[in-house]
Amino acid sequence: MEKRNSTSELVPGDEELVERSLAGDAEAFEVLVRRYGRAVYNVAGRFFRQPEMREDITQETFLKAYQALHTYRRGASFERWLMKIAVNACYDELRRMQRRREFSLADLSEDERTWLEEALAKPAFELFEQQQQSEDAAAVAEKLLATLSPEDRLVMLLYERDGLSTAEIGELMGWSRSKVKIRLFRARRALDKRLRRMLQMARPASASKAKPESQRAKGK
Amino acid sequence: MTCREIRKRMAMWARATGREGIAAAEREALAAHLAVCSACAEELRHLALKRVLLQATRAPEADPAPSLYARVSARLRQERSRSVFPFWEVARAFATSVAIVAMLILMLLVGANVYIHRQIPVEPRDFMSALMERNFSEAERVVFAVEDLSQEGVLTALATESRESR
């Protein structure tokens with residue numbers, strides 16, 4: 001970061017590159033694209049798994065940044081400024097996406113259903129600490145999250161999954177902290193409701209396999 | 001630990017801050033509690049599923065395809081070629097506004113000219129008032145209309161004209 005912000009002959013800093021871009025130097029902005037392309041691509045990866053979608057968002061982000069370059073304040077972190085644009089581009093895309101009306105097990109493929117049943121059959125501890133990610137899990141999650149509003153989805157991912165604070169989310173989105181908190185409260189409630197329903201729906205199938213204790217839990 | 005404390009801990013672990021998992025010491029206490037409390041065990045299952053699903057939504061960090069940079073560059077070039085031309089766009093906008101202003105000024109001048117040189121309709125007057133207003137052409141018209149050009153004739157005609165026009 002420091003190296004990037006300092007101006008040296010070999011490695012021009014972000015600010016210098018921005019100024020050169022504003023002065024009409026096309027090459028300067030290309031350097032910024034190469035410098036932050038990966039970071040923007042991976043910000044898009046926080047919300048979208050498909051590489052095409054991530055590429056589209058990366059392109060969109062740099063285009064928006066180029067058009068808004070004159071609004072970048074000297075002295076501020078260019079990377080932060082750019083990431084804000086990237087997250088907002090993701091949010092715009094989430095808003096454009098068709099929202100599912102509700103989650104149903106019938107929407108899951110055979111493999112996805114199997115994944116869910118196996119996950120629920122595991123001891124809770126093991127499931128909790130599971131690090132391994134699977135495409136099936138991602139697909140189930142995608143179908144579940146697609147029933148949330150774009151705002152709920154965004155705060156859920158940034159807060160619950162990525163561990164950002166409400167202040168950080170507020171800064172990224174240009175929302176007040178109270179708006180983030182209200183959103184977060186609603187998003188949690190909405191997701192928990194869907195998850196509980198999913199657990200209920202998936203249980204009869206998994207219960208017959210290896211979950212006598214969950215039956216006891218229900219009966220209590 | 002009470003159920004309340006356990007749930008609080010679990011909610012914390014479920015968030016990304018607890019990515020490294022549950023600490024061994026706490027794990028034991030938690031396991032002991034869950035063995036006797038099915039409600040908390042159920043809550044942990046719920047949180048675990050939430051955590052696993054949320055984590056799964058994130059694509060693993062990766063390098064974009066090299067073709068992406070070429071794509072972005074091409075799009076930026078397109079954008080630049082559009083924004084290099086603002087000179088012509090500005091010039092055109094300037095020319096248009098100059099033309100509109102010129103037209104307005106022209107219309108104003110023509111209007112003023114017409115106003116200044118407007119013909120005020122002259123009402124026919126009798127001889128005496130025409131003379132008093134120095135409107136000689138009107139006075140002439142009255143005199144030429146008189147057939148009897150003797151002094152009395154003219155005076156009579158003028159008097160008649162004055163009466164009629166009044």
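So, B:R58 and A:D162: these two form a salt bridge, and their closest N and O atoms are 3.0 Å apart. This is a predicted model, so please hear every number today with that in mind. Where do B:R58 and A:D162 lie? B:R58 is in the loop between α3 and α4 of chain B, and A:D162 is in the loop between α9 (150-161) and α10 (166-173) of chain A, so the pair joins two chains. Salt bridges with shared partners link A:R46, A:R161, A:D162 and B:R58 into one network. And is A:D162 buried or exposed? Buried, because its relative accessibility is 12%, and the cut-off for buried is under 20%.

Okay, another pair across the chains. B:D63 forms a salt bridge with A:R38, and here the closest N and O atoms are 2.4 Å apart. B:D63 sits in the loop between α3 and α4 of chain B, while A:R38 belongs to helix α3 (residues 26-44) of chain A, so this pair joins two chains. Look at the accessibility of the two partners. B:D63 counts as exposed, at 55% relative accessibility. A:R38 is partly exposed, with a relative accessible area of 34%.

Over all chains, the count comes to 26.

Let me show you one that stays inside chain A. A:E15 pairs with A:R74 in a salt bridge, with 3.4 Å between the closest N and O atoms. A:R74 counts as exposed, by the way, at 59% relative accessibility.

Let's step back to the whole interface. On the chain B side, 48 residues are in contact with 61 residues of chain A. Between them, the two chains bury about 5300 Å², and 58% of that is on carbon and sulfur atoms. Which residues of chain B lose the most area to chain A? Those are B:R15, B:R45 and B:Y69, and together they make up 14% of what the chain B side buries.

Now a helix from chain B. Helix α2 (residues 24-36) of chain B has 13 residues, which at 1.5 Å a residue should span 18 Å; the C-alpha atoms at its ends are 19 Å apart, and that agrees. Its buried residues are B:L30, B:H33 and B:L34. Viewed down the axis of α2(B), these buried residues fall within an arc of 95°, so they line one face of the helix. The general point behind that picture is that an α-helix has 3.6 residues a turn, so residues three or four places apart point the same way. On the other side of α2(B), the exposed residues are B:A24, B:A25, B:E28, B:A35 and B:V36. And what do the buried residues of α2(B) pack against? They pack against α7 (124-128) of chain A, along with α1 (3-14) and α3 (38-56) of chain B.

Over to chain A. It has twelve helices and zero strands. Of its 220 residues, 50% count as buried. Its accessible surface comes to about 11400 Å², with 47% belonging to carbon and sulfur atoms. If you take the contacts in chain A between residues at least 6 apart in sequence, 65% of them join residues at least 24 apart.

One helix to look at in chain A is α5(A). It has 19 residues and reaches 27 Å from its first C-alpha to its last, close to the 27 Å expected at 1.5 Å a residue. Its buried residues include A:F78, A:W81, A:C90, A:Y91 and A:E93. Among the elements covering the buried residues of α5(A) are α2, α3, α4, α9 and α10 of chain A.

Last stop, A:R183. This arginine is in helix α11 (residues 177-210) of chain A. A:R183 is buried, with a relative accessible area of 17%. What is A:R183 in contact with, leaving aside its neighbours within four places in sequence? The list is A:S149, A:E151, A:D152, A:V155 and A:W175.

That's my tour, thanks.

Methods: Residues are numbered from 1 along each chain as its sequence is written. Chains are lettered from A and ligands numbered from 1 in the order in which they are written. This is a predicted model: local features need pLDDT of at least 70, side-chain atom pairs count only at pLDDT 80 or more; totals for chains, interfaces and linings use all residues. Side-chain values use heavy atoms; hydrogens and water are left out. Helices (H or I, at least four residues) and strands (E, at least two) are DSSP runs, numbered from the N terminus. Buried means under 20% relative accessible area, exposed over 50%, partly exposed in between (1.4 Å probe, protein chains only). Contact means heavy atoms within 4.5 Å. Accessible areas come from the Shrake-Rupley method with a 1.4 Å probe; for residues, only the protein chains shown count as cover. The expected span of a helix is 1.5 Å times one less than its number of residues. The arc is that of the directions from the helix axis to the C-beta atoms. Buried area is the accessible area (1.4 Å probe) that two parts lose on being put together, summed over both. A salt bridge is a side-chain nitrogen of Lys or Arg within 4 Å of a carboxyl oxygen of Asp or Glu.
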